[in-house]
Amino acid sequence: MDLASELAPFSLSADLLFWAENRVGGLLEQIKTNVTEIHWRDAKIEKLTLELAYLRRMKFGVKSESLAAGTQGLFDETLAADLTACEARLAEKRQAAEMGPHQPPPEKPKRERAGRQPLPEQLPRVEHRHEPETCTCGQCGQALVRIGEDMTEKLSIVPAECFVERHIYPKYACRPCETLTAAPAVASIIDGGLAAPAWLAWVMVSQYADHRPLYRLERQAARAGGTLSRTTLADWVGRTGVALEPLWRRLAELLRQGTVLHADETPVQQLDPGRGKTKRAYLWAYRRNALAGELPIVVFDYQPGRGGKYVAAFLRDWQGALMVDDFAGYDALFRGQVIELACLAHARRKFFDLHQATGNPVAADALDRFAALYAIEATAKGKTVEERARRRKETSKPLLDALHLWLLSTRTTVAHGSALAKAIDYSLRRWPAIARYVTNGFYPIDNNPVENAIRPIAIGKKNWLFAGSEAAGQRAAAIQSLLETARLNGIEPMAWLIDTLQKLPSWPNSRIDELLPLKKLE
């Protein structure tokens, strides 16, 4: 029924009726406009709330993505120590207030200690024996008899110390034939250089694995008695990097032999001397598939930009399945012989951030659905590829199909532009690549393996601030590739690098695979 019919019983004049219709019509239009504005305002507020909560969590909060975050973040150990100290001081203040100023403090109760883990067996032991001051009894003067001993173990360390390796080559002569015999000189990475392999390895590991810049190493070396200029250290780093480059190239060749790879990238700052500023470059990371049962390999590649041409140049004519994030630079590869795999963890992360910021129940429902898929992967860990494929087909695929239908139906009830809509749209936009992992037991579910490999570099780059040049960036990428691959294979990087630098100058190129930081297969 229209407005005129409703007003007819009141016998209003035509002018008054016309005015009422126009007035009410204008009010209805204004209400519709206000509703639209309120909708967009709420969406904007939700977006800003989510962004603010995310930034606060990145700066102050626990960065684990589990709903009940039980793990500590990078700097939580400092927070825990501060909280413990504060609680102890507060307990002392409260106790003092309860006891009064003239009463002695009560004895502290003995704290129950949990069982301490034994110290590593492989560490050498240095014994310190503590004998009594006298071997006679302090009561009767008789000789003491040993009946046993108590023993405690404490972890200790010897700080880095410099010493000089003196290489002596005795010379022997044959008097009858007047010939001279001596052992050949030990080959060195740097001809005529002062640094032994252990020193070079210490500098390389400190800079590229521990992310300590050379000026700090210069100070540390000076405290240990090795006064060397930063220029000399930089020269050694450059020469050692050139010597290790063939190992990096061979590692990249072995990586490209895999049929499934991970890829990711992180920005770094590179010095731009012409402008006196820095410009953005990128460190690309590629990792061998962790589900293939092969030895892990990580290769970093430093490039001046983020375009897809850099990925294509590194992979060359490689064919296979590539697990990546949502970056358009990879699209050209997927139009060729490369199969796209999308990261399920990235899709989950959109809902996780929303839930952390607002406690959205729809996001919580999505997280439960993602958790069910990851639970299946956990049960298939360590299984054969065939067994994993069977479990995915029988259990993961139905859950994944149900998740897809849930996303489609939920999206119709969600306002455009909201944070929840963006989270759903991200998953739907990449759904074919996200769901592809269930079609093959070799395919990974997410890109976490390569993100875990690149994360220490993303954190460590805050120490060295920027790369001095493109050549320096590529050298760092090569060395970090070798050290990170060693770590993933359970090989101590320092020990491996010392041994490699000793062998490398005289090692035949035909046996270069023996020097790679890969665990030897039994």
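**View 1. Alanine 183 in the loop between strand 2 and helix 4.** In this predicted model, alanine 183 sits in the loop that runs between strand 2 (179-182) and helix 4. Its relative accessibility is 49%, which puts alanine 183 in the partly exposed class. Setting aside residues up to four places away in sequence, alanine 183 touches Tyr169 and Pro170. Look also for lysine 171: its C-alpha atom is 7.9 Å from that of alanine 183, and the two residues are 12 apart along the chain.

**View 2. One face of helix 16 is lined by buried residues.** Helix 16 covers residues 493-503, and its buried residues are Pro493, Trp496, Leu497, Thr500 and Leu501. Viewed along the helix axis, these buried residues fall within an arc of 125°, so they line one face of the helix. At the start of helix 16, glutamate 492 has a side-chain oxygen within 3.1 Å of the backbone nitrogen of methionine 494.

**View 3. Asparagine 447, a buried loop residue, and its partners.** Here we are in the loop between helix 13 (431-435) and helix 14 (448-464), where asparagine 447 is found. Asparagine 447 has 0% relative accessibility and counts as buried. Its side chain makes a polar contact of 2.9 Å with the side chain of histidine 262. The side chain of asparagine 447 also reaches the backbone oxygen of alanine 263, again at 2.9 Å. Beyond four places in sequence, the residues that asparagine 447 touches include Asp264, Met323, Val324, Asp325 and Cys343.

**View 4. Arginine 288 in strand 4.** Strand 4 spans residues 277-288 and contains arginine 288. This arginine is buried, with a relative accessible area of 11%. Leaving out neighbours within four places in sequence, arginine 288 is in contact with Leu254, Leu255, Val260, Leu261, His262, Glu294, Leu295 and Ile297.

**View 5. A network of salt bridges around glutamate 149.** Side chains of opposite charge can pair when their charged atoms come close. In this view, Glu127, Arg129, Arg146 and Glu149 are linked in a network of salt bridges. Glutamate 149 and arginine 129 meet with an N to O distance of 3.7 Å. Both residues lie in the loop between helix 3 (76-99) and strand 1 (171-174), so the pair ties together parts that are 20 residues apart in sequence. Arginine 146 also forms a salt bridge with glutamate 149, with the closest N and O atoms 2.6 Å apart. Glutamate 149 is exposed at 52% relative accessibility, arginine 129 is exposed at 57%, and arginine 146 is exposed at 58%.

**View 6. A salt bridge between arginine 429 and aspartate 326.** The closest N and O atoms of this pair are 2.8 Å apart. Arginine 429 is exposed, at 52% relative accessibility, whereas aspartate 326 is partly exposed, at 39%.

Note on methods. Residues numbered from 1 in each chain as written. Predicted model: local features only at pLDDT ≥ 70, side-chain atom pairs only at ≥ 80, totals over all residues. Heavy atoms only, no water. Buried < 20%, exposed > 50% of the residue type's maximum accessible area, 1.4 Å probe, protein only. Helix = DSSP H or I, 4+ residues; strand = E, 2+ residues; numbered from the N terminus. Arc of directions from axis to C-beta. Polar contact = N/O pair within 3.5 Å; in protein donor to acceptor, adjacent residues only side chain to side chain. Contact = heavy atoms within 4.5 Å. Salt bridge = Lys/Arg side-chain N within 4 Å of Asp/Glu carboxyl O.
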